[in-house]
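Hi everyone, thanks for coming.

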Protein chains: 2
Amino acid sequence: LRRLPASSAALFLFFFESDRTMILELADIRIQPGKQQEFDAAIVRGVEQAIRSAKGFLGYRIQHGIETPERYVLTIYWETLENHTVDFRESAAFQDWRAIVGPYFAAAPTVEHFTLLADAPAPSLK
Amino acid sequence: LRRLPASSAALFLFFFESDRTMILELADIRIQPGKQQEFDAAIVRGVEQAIRSAKGFLGYRIQHGIETPERYVLTIYWETLENHTVDFRESAAFQDWRAIVGPYFAAAPTVEHFTLLADAPAPSLK
């Protein structure tokens, strides 16, 4: 454990420093029933192909609902609010994204932005 | 960067391995208007005092709404679903938690659980 490659170390430090100022886009998505398996692949492909290379993109997380299997929560980490609301939404990549995932939506996703107030890893590893 | 302390390396590896099986509790919270500053402190104190030592607790994240300043999204990472729904909710610590944060709520929070479908850090650091 003492000899991580430099890239991993940089990534580790990046996470714990950048978290403090980034913007979190939270998209609450409902898809059509019975399409979960297809959508699992489509949403990952959509983020990787259409969003990952966007200006200000820092990373993402996709959560899949247990009580509500048609529900997905997509979190995208951006450097600034405008990187999402202006740079990305006005780009051709946004149209690409919607073309990949839009056909599965049961309704328009609810999208809002957040700052990170606090976070903490597992206490046993401190 | 090549010589991280062992504890950081362990933490780094833990994050990227444990993410794959953990349960994410997502609590969507609306508080009374004008109470944000007080609640910022109360929710952190509530998690640290009443939830952090719970069985199966792995970590947390608290997001604060930009478009909706009365909105907070609390994510808690658990080892299993039952660690939250049974072990924690039936414990005295749950009452402690509600005593700390409950007075600020504008309505009962919406709580659901998720699995992690995918996540990825910033592409420039790969």
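Let's start with two helices in chain A: H2(A) and H4(A) are roughly antiparallel to each other. Before I go on, please keep in mind that this is a predicted model. So where does that description of the two helices come from? Their axes, for H2 (residues 36–51) and H4 (residues 92–101) of chain A, cross at roughly 170 degrees, and anything over 145 counts as roughly antiparallel. The axes also come within 9 Å.

Now on to the strands. As a bit of background, strands of a sheet pair through backbone hydrogen bonds, either parallel or antiparallel.

Let's zoom in on one piece of the chain A part. Strand S2 (residues 57–65) and strand S3 (residues 71–78) of chain A run antiparallel and are joined by 7 bridges. If you want one pair to find on the screen, A:Phe57 has A:Trp78 in S3(A) as its bridge partner.

Is S2(B) mostly buried or exposed? Of its 9 residues, 9 are buried, so S2(B) is largely enclosed by the rest of the structure. What does S2(B) pair with? One partner is S4(A), from the other chain, in the antiparallel sense over 6 bridges. In that pairing, A:Thr115 stands opposite B:His64. S2(B) is also joined to S3(B) by 7 bridges, again antiparallel, and there B:Arg61 has B:Thr75 as its bridge partner. S2(B) and S3(B) form a hairpin, with 5 residues between them.

Next, one residue I'd like you to click on: A:His64, in strand S2 of chain A. At 13% relative accessibility, A:His64 counts as buried, because the cut-off for buried is under 20%. Its side chain reaches the backbone oxygen of A:Pro69 at 2.8 Å. A:His64 has neighbours in both chains, including A:Asp40, A:Arg71 and A:Tyr72 on one side and B:His113, B:Phe114 and B:Thr115 from chain B.

That brings us to charges. Side chains of opposite charge can pair when their charged atoms come close. How many salt bridges are there over all chains? The count comes to 8. One of them is between B:Glu112 and A:Arg71, at 2.9 Å from N to O. This pair crosses between chains, from strand S4 of chain B to strand S3 of chain A, and both residues are buried.

B:Arg52 pairs with B:Glu48, and their closest N and O atoms are 2.6 Å apart. B:Arg52 is buried, at 13%, while B:Glu48 is partly exposed, at 32%. Then there's B:Asp87 with B:Lys55, where the closest N and O atoms are 3.9 Å apart. B:Asp87 sits in helix H3 of chain B and B:Lys55 in the loop between H2 and S2, so this pair ties together parts that are 32 residues apart in sequence. B:Asp87 is partly exposed, at 31%, and B:Lys55 is exposed, at 57%. Some salt bridges also share partners: A:Asp28, A:Arg71 and B:Glu112 are joined into one network.

Last stop, a loop. B:Pro33 is in the loop between strand S1 and helix H2 of chain B, and it's exposed, with a relative accessible area of 63%. The C-alpha atoms of B:Pro33 and B:Glu70 are separated by 6.0 Å, although these residues are 37 apart along the chain.

Conventions:
Residues are numbered from 1 along each chain as its sequence is written. Chains are lettered from A and ligands numbered from 1 in the order in which they are written. This is a predicted model: local features need pLDDT of at least 70, side-chain atom pairs count only at pLDDT 80 or more; totals for chains, interfaces and linings use all residues. Side-chain values use heavy atoms; hydrogens and water are left out. Two strands pair if DSSP finds at least two bridges between them. Helices (H or I, at least four residues) and strands (E, at least two) are DSSP runs, numbered from the N terminus. Buried means under 20% relative accessible area, exposed over 50%, partly exposed in between (1.4 Å probe, protein chains only). A polar contact is a pair of N or O atoms within 3.5 Å; within protein, one must be able to donate a hydrogen and the other to accept it, and residues adjacent in sequence count only if both atoms are side-chain atoms. Contact means heavy atoms within 4.5 Å. A salt bridge is a side-chain nitrogen of Lys or Arg within 4 Å of a carboxyl oxygen of Asp or Glu. Axes are lines fitted to C-alpha atoms, for helices over the stretch in contact, and angles run from 0 to 180 degrees between N-to-C directions. Angles under 35 degrees count as roughly parallel, over 145 as roughly antiparallel, 65 to 115 as roughly perpendicular and the rest as oblique. Lists of a residue's contacts leave out its neighbours within four places in sequence.
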